[in-house]
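Here's a quick tour for anyone opening this structure for the first time. Take a look, then read on.

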Amino acid sequence: MGTQMLKLRKQYGSIFSFKYGQLESVLISDPKVLKQVLASDDSAARPHLYYTTNLVYMNQNIGLICSEGDPWKEQRRFCLKSMRDFGFGKTSMEVSIMAELEDLVGSLKPADAKAGESFVTQLDERVAATVLNSLWMIVAGSRLHLDDPEFQHTLKIIQIEFNPAIIASMFPSFIPFLPMKLIGMGPERRNGIQRSYAWMKAFVDHHKETLDPSSSRDFVDAYLIEQIRLKESGNSDHSFTDLNLQAVLFDLFVTGAETTSTGLKWFFLYMVEHPEIQAKVHEEIEAVIGVRAPEWNDHLKMHYTQAAIHEMWRIPSVAPAGIEHLLLKDKEIGGYLIPKGTMIQGLIYAIHTDPTYWKDPMLYNPNRFLNESGEFHIEHKDAYLPFEIGKRQCLGENVARITTFLAVATLLQKFRFRKVPGKKYNLEPKPNSNVVNGPFPYEVLVEVWE
Ligand code: HEM
């Protein structure tokens, strides 16, 4: 996706139109124009792609990622309010994340491991499981059992990298004439999505059975308490239905499963590739945190670590083209009149690697995020948008920032990560990474610090 984007931008400039099958779209890699477009309510809708609208959301305006209008505003506002102050309920977000990270450290380090000892592990997979579990703890108050067939099933369902169903979504008027099974939209997939909804429903049912309306344990409780409040006030004109709660949980699972952990996979890959940068992050951890457990507030004093994390979010761009928007009104964009109904996509990867803003853009260099006094600083704020910008800006940005910082600080405090001798490491993204730009799987040599 990334390299194709760069080729197109080189050929056609920073605003060009592109036809995805029957869908007219405009791709923007001018950050000022993109910011202007995404700030407007006129582009806060999503295109009705057959795959998402029909298959995943059953032609209903539900969930967070693809919903629109008042239901989207209501659900988004509620989620943001629940996330504020770093936690959904009794257990604060930071405590949940640290509990999962401590488990990860324990599982990476054999009980009898001595300082300086090293062993090989598939770090990327383990980090991904930790991130997902800490998110699920905040959302649903429980850990996900990675060998649970329902968990594995939903994980498979959301892997929507260039599959035939997405390609078919680009030709909506042909869909009635296409063999559903062949394009991946047959009963199997439909039933598969229903099964994921049923899995979400089981979390909700369990919460209903154990709910104490005077105190919420997690996000699901907060949602159920909001339902009770609305019912008691006689308000029935709202979107807080049981089905919507299942769809919101599904969306939080989708976003939580892929994004933050993909960033961390890239981070540790850069660390093994650049041991001198890893050593500087470790030195800063020793100087600021020492041996106690890291806290989110530490990030304010850890300029180099912040720079190393932000540089990681820049180059591969976890979400290289963000999520598609839909124009609700005719609009002038960068000097062109674009008709309503056009799909809008921000080419984040192209902006993040544009040499106008980033010198030697493909070079991993945290120093570009430091000012002359060595403080963390983003020089070209307009051209840095890993979480996109505007009305639909990432809803989990804070969760992602806190989780990423704590994971980096905890793991680099305890371990040094190196290449496994004889193994090749690839810094190119996996091909066909459509929605999320991930690295190839890799193993690392983990060495226990003194
Ligand atoms: C490094 C990690 C992450 C990155 C890079 C990222 C990036 C993005 C981007 C680019 C968008 C599209 C914004 C737009 O349409 O304009 C988005 C949307 C969204 N993200 Fe994230 N995200 C991350 C982590 C998370 C996490 C952890 C959560 C959940 C807790 C989350 C929840 C969402 C949701 C619900 C939306 C849809 C918002 C809406 O349509 O109103 N994200 N994210």
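## Before you start

This is a predicted model, where local features need pLDDT of at least 70, side-chain atom pairs count only at pLDDT 80 or more, and totals for chains, interfaces and linings use all residues. Residues are numbered from 1 along each chain as its sequence is written.

## The chain overall

The protein chain has 15 helices and 9 strands (DSSP runs numbered from the N terminus: helices are H or I with at least four residues, strands are E with at least two). Of its 450 residues, 39% are buried, meaning that 20 or more other C-beta atoms, placed from the backbone, lie within 10 Å of the residue's own.

## Around the ligand

The ligand has 27 residues around it, and Thr255, Thr259, Cys394, Gly396 and Ala400 are the closest (a residue counts if its C-beta atom, placed from the backbone, lies within 6 Å). H11 and helix H15 (397–414) each bring at least two residues to this shell, and H11 gives the most, with 7 residues.

## H11 meets H13

Helix H11 (residues 242–273) also packs against helix H13 (residues 303–314), at an angle of about 115 degrees and with axes 9 Å apart. The axes are lines fitted to C-alpha atoms over the stretch in contact, and angles run from 0 to 180 degrees between N-to-C directions. H11 and H13 are therefore roughly perpendicular, a label for angles of 65 to 115 degrees.

Methods
Angles under 35 degrees count as roughly parallel, over 145 as roughly antiparallel, 65 to 115 as roughly perpendicular and the rest as oblique. A residue is buried if 20 or more other C-beta atoms lie within 10 Å of its own, exposed if 12 or fewer, and partly exposed in between; C-beta atoms are placed from the backbone.
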